[in-house]
Amino acid sequence: MWIKSSKNNYTSRVVSSTKKDIDINEVSLRPQKLSDYVWQELIKKHLDVSIKSAKKRKVPLEHILFYWPPWLWKTTLSNIIASEMGSHLKTTSGPAIEKQADLVSILSNLEEWDILFIDEIHRLRSQIEEILYTAMEDFVIDIIVWKWTWAQSVRMPVKNFTLIWATTKLSSLSSPLRDRFWNIMKLDFYSSDDLWVIISNNAKKIELDISSSIIEKISKRSRWTPRIANRLLKIIRDYKVIWKDINDENTFNEIFEWIWIDENWLDYLDKKYIQTLHSKFMWWPVGLSTIASALWEEEWTIEDVVEPFLLQIWFLEKTSRWRKLTNNAIKLLNVNN
């Protein structure tokens, strides 16, 4: 069988996108300057011009919208922008803003030229979103005070700020909201070569001596994302600390076998997903809720964590209603069984 039973209880994935998996040490591996940020060269050039122009004109940076795949250091890039502008960065997320008063409180506490970063903006409620319209354009908030016949609208000014939004679902944003962003930037996956540079630089930061071939193997198992690359690098570092010869090919392969990541970059949950679709549903298309029930996983975990990578490597066909394995996935199953 492809997935073998184990006495260990794997409750989390090494390649999980959940932010709780990021420890404080990862922050030190993140680039601090725009010049140190690897990849996204066109975005870097545009941001460099925008930042220099804003500083020269002594105005806040225009609002920015980042979109597309998760795990691509949007938060890191926001920190770099704040650093280059000499501003403070305030961070939150769409789900954390539950009511209008939450957003009003956040906006009213911003200082001049502060940068507000809101992740998962597509999950912000439409009623709350409307407050941002005047805040982004005129730097004022329209709020309703009192109730019933005594209710009246009050306009409250806020300090000049820059809003940076990140989303993996650009189509979920309303047109009035998208139109208020001057800078709409699509981030893309990293190449193995760029990840090689990131891993090599970060290995030096944590004083880890690894060979070029091992760096290449880590980069190819990082799903084109620097966050996962850094996590794998730290795992290798931990094995080095307990006197494992991490530069030995057999030892390296054994380590990745222990953390359930194979040569096809697939981890335990990926394989379980593929095997479930093949063994239980064969060639029949199946809905997301049915898959989630069969795997005992939440739908958002399947949709946001597992499926994006399988789509990238052409292992999955997907519509809004059903999922189906491709011939590539079937061939891999036949090889491993």
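**Figure 1. Helices α12 and α13 pack at an angle of about 105°.** The axes of α12 and α13 (residues 288-295) lie 10 Å apart in this predicted model. Angles of 65 to 115 degrees count as roughly perpendicular. The two helices α12 and α13 are therefore roughly perpendicular to each other. Which residues make the contact? From α12 come K272, Y273, T276, L277, K280 and F281. From α13 come T290, I291, A294 and L295.

**Figure 2. Helix α12 also packs against helix α14.** Helix α14 covers residues 299-312. Its axis and that of α12 are 10 Å apart, at an angle of about 85°. That makes α12 roughly perpendicular to α14. On the α12 side, L269, D270, Y273 and I274 take part. They meet T301, I302, V306, E307, F309 and L310 in α14. Look for Y273 in both views: this residue is listed in the contact with α13, and again in the contact with α14.

**Figure 3. Helix α12 runs from residue 268 to residue 281.** How far apart are the end C-alpha atoms of this helix? They are 19 Å apart. Several residues of α12 are buried, among them L269, D270, K271 and Y273. I274, Q275, T276, L277 and F281 are buried as well. In general, an α-helix has 3.6 residues a turn, so residues three or four places apart point the same way.

**Figure 4. Residues flank both ends of α12.** At the start of the helix, find D267. A side-chain oxygen of D267 reaches to within 3.3 Å of the backbone nitrogen of L269. L269 itself is one of the buried residues of α12. At the other end, M282 follows the helix. The phi of M282 is positive, near 50°.

**Figure 5. Helix α8 spans residues 192-205.** Helix α8 has 14 residues. At 1.5 Å a residue, α8 should span 20 Å. Its end C-alpha atoms are 20 Å apart, which agrees. Which residues are buried here? They are D194, L195, I198, I199, S200, N202 and A203. Just after α8 comes E207, with a positive phi of about 55°.

**Figure 6. T326 sits in the loop between β9 and α15.** Strand β9 covers 323-325, and α15 covers 327-336. Is T326 buried or exposed? Its relative accessible area is 12%. Buried means under 20%, so T326 is buried. Leaving out residues up to four places away in sequence, T326 touches W314, F315, L316 and E317.

Figure 7. The average pLDDT is 84, and 90% of the residues score at least 70. Over residues 5-11 the pLDDT is below 50. That stretch has three contacts beyond near neighbours in sequence. Residues 14-24 also stay under 50, and here the model has 25 contacts beyond four places in sequence. Where pLDDT is low, the predicted coordinates should not be read in detail.

Figure 8. The protein chain has 15 helices and nine strands. Its C-alpha atoms fill a box of roughly 70 × 45 × 35 Å along the principal axes. Of its 337 residues, 48% are buried.

Technical notes: Residues are numbered from 1 along each chain as its sequence is written. This is a predicted model: local features need pLDDT of at least 70, side-chain atom pairs count only at pLDDT 80 or more; totals for chains, interfaces and linings use all residues. Side-chain values use heavy atoms; hydrogens and water are left out. pLDDT is the predictor's confidence in each residue, from 0 to 100. Contact means heavy atoms within 4.5 Å. Helices (H or I, at least four residues) and strands (E, at least two) are DSSP runs, numbered from the N terminus. The expected span of a helix is 1.5 Å times one less than its number of residues. Buried means under 20% relative accessible area, exposed over 50%, partly exposed in between (1.4 Å probe, protein chains only). A polar contact is a pair of N or O atoms within 3.5 Å; within protein, one must be able to donate a hydrogen and the other to accept it, and residues adjacent in sequence count only if both atoms are side-chain atoms. Axes are lines fitted to C-alpha atoms, for helices over the stretch in contact, and angles run from 0 to 180 degrees between N-to-C directions. Angles under 35 degrees count as roughly parallel, over 145 as roughly antiparallel, 65 to 115 as roughly perpendicular and the rest as oblique.
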